[in-house]
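Hello,

Here is the structure I said I would pass on. My notes on what turned up in it follow below.

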Amino acid sequence: MNDHFGRTIEYLRLSLTERCTLKCAYCRAGEGLCPKKSELPAEAFLRIVRVMASLGVKKVRLTGGEPMLRRDLLEIVSGIRAVEGIKEIDMTTNGQHLPGQSRLLREAGLDRLNVSLDSLRAERFTAMTGGGSLEKTLTGIEEALEAGFRPLKINVVLLRGENDDETDDFIALTKDKPVWVRFIEWMPLGESDCADKRVPGGELRAARPYLEPAPPVYKGQPSRDYQVPGYMGRVGFIDPVSHRFCQYCNRVRVTSDGMLRPCLGSNLEIPLREAMNDPDDAALREAILRAVRQKPEAHGFDGAFCANRNMSRIGG
């Protein structure tokens, strides 16, 4: 499945819910718990994955909101695992509900985990997440490593003046553990850009010349990877604003309410619910292909783009 710019679309980011018990500033600060009524049922998600796989999608990432709030999460994971053509299933979580669940997720068929973690200081973590427990997330990470999620990726959004003084503490996590820490630039999604708080990846790298470039794991990956010599893990930089990587983009997103977004940095959405009213998959296939044909050449983060949804509503 190719778009008009020759990019092969093989990666689906599937948001299972807008709900989350945290209120991180860059994602959904000020919101209450979102309602469940608009969420697609498990079978609808699986149908979308089956059709996407028939069109060439090989990798699925489960996102949210917080995907672990779905009581049918294991059913969804195992259902995707059974879809012919899907080679990899990943999930991004804030880790608050991860303790005690890693082995079950592994047994259901989940391949990889990304855990969001924006501070290693308990009080700061609670403040930045709107009430989260650092202990729960760290416990979840340790259990996930024990369950075989290796390497485990830790996603860090640095905010200038808030947690950027912990950069080296995060890098130190890669010394003795098979973890890959990725620093992600704050993107202009939601009510405000807050460009003054964005910490460009180039600035972080320039201050740490000891980081040595590491080869990419797969073509089109969004992170530029580095390693500290002798360290077990990696350090990655995802810089969508300061270093656009749209020419390699191989992904589309489906929101929890059934909208297909070909690009994170564009408000273009193609509804899939109506197409799924047809018991035949032809209408759904055509809706997906129509969205891919309209995928823009590049995001609008560096222009006048104003997102109509924040990150929790699109799918992190």
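**The nonpolar cores**

The largest nonpolar core holds 70 residues, and the members that touch the most others in it are Leu14, Met52, Ile80 and Phe183. Helix 1, residues 42-54, supplies the largest share of this core, with nine residues. Please bear in mind that this is a predicted model.

As background, nonpolar side chains in soluble globular proteins tend to be buried together.

Which residues does isoleucine 80 contact, once neighbours within four places in sequence are set aside? Isoleucine 80 is in contact with Leu14, Leu46, Val49, Val60, Leu62, Ile86 and Ile89. Of these partners, Leu14 is also named above among the core members with the most contacts to other members.

**Helix 1 against helix 9**

A packed pair of helices is described by the angle between the two axes and by the distance between them. For helix 1 and helix 9 (residues 282-293), the angle is about 65 degrees and the axes are 10 Å apart. Helix 1 is therefore roughly perpendicular to helix 9. The two helices cross in a right-handed sense.

On the helix 1 side, the residues that meet helix 9 are Arg47, Ile48, Val51, Met52 and Ser54. Their counterparts in helix 9 are Leu284, Arg285 and Ile288. Sorted by class, this contact has five nonpolar residues, two charged and one polar.

**Proline 271**

Strand 12 covers residues 270-271 and contains proline 271. Is proline 271 buried, partly exposed or exposed? Its relative accessibility is 43%, so proline 271 counts as partly exposed.

Twelve residues separate proline 271 from methionine 259 in sequence, yet their C-alpha atoms are 4.5 Å apart in space. Leaving out residues up to four places away in sequence, proline 271 touches Gly258, Met259 and Ala287.

**The chain as a whole**

The protein chain has ten helices and twelve strands. Of its 316 residues, 57% are buried. Taking contacts between residues at least 6 apart in sequence, 72% join residues at least 24 apart.

Regards

Notes. Residues are numbered from 1 along each chain as its sequence is written. This is a predicted model: local features need pLDDT of at least 70, side-chain atom pairs count only at pLDDT 80 or more; totals for chains, interfaces and linings use all residues. Side-chain values use heavy atoms; hydrogens and water are left out. A nonpolar core is a set of buried Ala, Val, Leu, Ile, Met, Phe, Trp, Tyr and Cys residues joined through side-chain atoms within 4.5 Å. Buried means under 20% relative accessible area, exposed over 50%, partly exposed in between (1.4 Å probe, protein chains only). Helices (H or I, at least four residues) and strands (E, at least two) are DSSP runs, numbered from the N terminus. Contact means heavy atoms within 4.5 Å. Axes are lines fitted to C-alpha atoms, for helices over the stretch in contact, and angles run from 0 to 180 degrees between N-to-C directions. Angles under 35 degrees count as roughly parallel, over 145 as roughly antiparallel, 65 to 115 as roughly perpendicular and the rest as oblique. A crossing is left-handed if the near helix is turned anticlockwise from the far one by less than a right angle, and right-handed if clockwise. Ala, Val, Leu, Ile, Met, Phe, Trp, Tyr, Cys and Pro count as nonpolar, Asp, Glu, Lys and Arg as charged, and the others, Gly among them, as polar.
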